[in-house]
Structure formats: C-alpha cells, structure tokens
There are 2 protein chains.
Amino acid sequence: MTAAATKYSRQRECIKEYLRSTREHPTADTIYMKVREVYPNISLGTVYRNLALLTEQGEIIKLSCGDGCDRFDGNTAPHYHFICRQCGRVIDLDMEPIEHINTIANAHFNGRVDGNITYFYGLCRECVPD
Amino acid sequence: MTAAATKYSRQRECIKEYLRSTREHPTADTIYMKVREVYPNISLGTVYRNLALLTEQGEIIKLSCGDGCDRFDGNTAPHYHFICRQCGRVIDLDMEPIEHINTIANAHFNGRVDGNITYFYGLCRECVPD
DNA sequence: ATAGTTGTAGTAACCATTACTATTATTGAT
DNA sequence: ATCAATAATAGTAATGGTTACTACAACTAT
C-alpha cells in the first residue's frame, strides 16, 4: 500500500483563495457562506475537511481564540493577533516576532519548547471610548 | 431591584478548593468526576455554572488551549503555560512574565492593548525521546 | 415561621465539529 | 479520448462539550 496522494479539488482551491484574499480571520461557517457564492451546493463538511487538510499542510493557520469556534488565517507568515474584548474582532498586529521568549522558556522548562502562540487582548479602535 | 447577591454554596467551594489544590489544569468533566467523590449527585450543569461564575469573579482562570475543551486553573498569579504536542498535558512554566510586550504591541496598534495570553508548545519531559 | 431569592439536580436543547455513505471528480495509464 | 482506480464531494446523521430550562431545596432577612 502506498501513501494516499492528495488530488486537486476546485472547492479546496476556492477556500484557499478566499483565505488568501481576506484579513478577516473568518470562521468555518463564514467561509462556507462565502464559498457557496461560487459553489452553491458545497457541503459544510467539505469546508471543515479542507480547512483541516490545509492546516495540516501548513497552507493556512487555525486560530483558537476561545470564543467557542475556530477561526482561520490565510497569512502563514509569523505575526501576532489582537482580539477585541468587546466586539470579538480578530486583527493582525504589525510587529516583529519576539524570538527570544522561546529560548527563555526553554531555559526554565524540563522538556523541549519549540514554539508559542500569543494573543493580545484589549479594545479595538472602534470600541475604544473617545 | 438590587444587584443579585452571590450566596455561599458547598458545591462551588468544593470546586474552588479542588482547583486550588492541583496543578493539573483539569477539564470541566474531570472536575465533575472529582467533586462527585464529595457530592455524589452534583450535576454537570452545576459544575459548568460555577466554573463560569468563578472565572467571572477572577477566582480561577479559563484556558482555551484549542484541543476542543476548556481547562481551568486555580492559580491566578500571572504565569505561562506549556502544552505538550504529544500528550496534550498542560504544565505551568516557572518564568518571569515579560511585561514589555504589551507596550510594544500598543505602539504598533491603533487601539488599546491591555493584556496577552501566551501558550508555549513542544514536547514535555515524558514525551521527549532520549 | 415566612416570604423572597439564590442555588441545585436532572434533563433537554444547542451548536460547532466529525463521521458515514453513495455518488462524483480527478488522475494516470492505455 | 476512454477507462479503471481512487480521492473528494454532497448530504445527512451522529458526536460531544456546553448551555438552557424547570421544579425543588437551601439560605437570608424581616
């Protein structure tokens, strides 16, 4: 038996293209709505399966913000995320990754640290009172 | 109408005591199992309601590690968490909080950053190959 | 004691996600 | 281009963590 090859699929390509084109960090359901404009009878299961596959392949990133449902990001370059406590919006932060905290963590841990995820919290521009 | 006062409850106290006594970051279900040893017919709903209440009051911390279910931490002092990619264990990291990254984030963001959550990933001592 | 209010146990409902299955699309060889 | 092999899909059912609901019990102040 050989390893299962991944075949091309229009639906998967459409999902990927949409995630590449937006900076909105949509949920699976939002992606489903959007892709349905192109493939009206795509199944929600297909969306979930392809999101999992693309995440596994490193083509996209899954964000678990703790609001009950996962979000997805088509920008795989290392960057931080900000989550608004008021409106829940997820926004990219344009700042340099702080590399050395992995090193610090490793020095304080009996095991092997190879990465970290940081979410910043607060109020976004729309939600900050004047 | 006056604001609803919070009354004492043995079940809530037991949940809090258990979380104070462990460093295991248990899930709601694990907490349910444990508290049932003391109150055999406590309801799972009661556990969830009190975990939400204690979190809201700042008595405990809710951890959304992205593994499908939330975990809870009775240690409210600022500290980092490590999540093992292999066994999923959540372990406290004994290192100083890096305060200035909030300042850096604020300088790069059009809004107000007031905190951050960082999860470190890798392999724990048991899962690191020799 | 009693009325008023908060908390609980038990159960049903919810909702994001996953699993299942018959059918369709893609691929590589003829 | 046709064909067989196999991966992917659509549609639907099932799962599992969490929340909502309701009748009853416990606490508090008058």
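Modeller: We may, and we begin with a definition: a residue is called buried when its relative accessible area is under 20%, exposed when it is over 50%, and partly exposed in between. Please bear in mind that this is a predicted model.

Biologist: Which residues of helix 3 of chain A are buried?

Modeller: In that helix, Thr46(A), Val47(A), Asn50(A), Leu51(A) and Leu54(A) are buried.

Biologist: How do you know that these buried residues line one face of the helix?

Modeller: Viewed down the axis of helix 3 of chain A, the buried residues fall within an arc of 130°, so they line one face of the helix.

Biologist: What do the buried residues of helix 3 of chain A pack against?

Modeller: They pack against helix 1 (10-21), helix 2 (28-36) and strand 2 (71-73) of chain A.

Biologist: How do you know that the length of helix 3 of chain A agrees with its number of residues?

Modeller: Helix 3 of chain A covers residues 44-56, which is 13 residues.

Biologist: Why is His25(A) called buried?

Modeller: The relative accessibility of His25(A) is 2%. The cut-off for buried is under 20%, so His25(A) counts as buried. This residue lies in the loop between helix 1 and helix 2 of chain A.

Biologist: What makes the phi of His25(A) worth a remark?

Modeller: Most residues other than glycine have a negative phi. His25(A) is not a glycine, yet its phi is positive, at about 55°. In chain B, His25(B) also has a positive phi of about 55°, and at 2% relative accessibility it counts as buried.

Biologist: Why is Ser43(B) called partly exposed?

Modeller: Its relative accessibility is 39%. Ser43(B) is found in the loop between helix 2 (28-36) and helix 3 (44-56) of chain B.

Biologist: How many residues of chain A are there, and what percentage count as buried?

Modeller: Chain A has 130 residues, of which 42% count as buried.

Methods. Residues are numbered from 1 along each chain as its sequence is written. Chains are lettered from A and ligands numbered from 1 in the order in which they are written. This is a predicted model: local features need pLDDT of at least 70, side-chain atom pairs count only at pLDDT 80 or more; totals for chains, interfaces and linings use all residues. Side-chain values use heavy atoms; hydrogens and water are left out. Buried means under 20% relative accessible area, exposed over 50%, partly exposed in between (1.4 Å probe, protein chains only). Helices (H or I, at least four residues) and strands (E, at least two) are DSSP runs, numbered from the N terminus. The expected span of a helix is 1.5 Å times one less than its number of residues. The arc is that of the directions from the helix axis to the C-beta atoms. Contact means heavy atoms within 4.5 Å.
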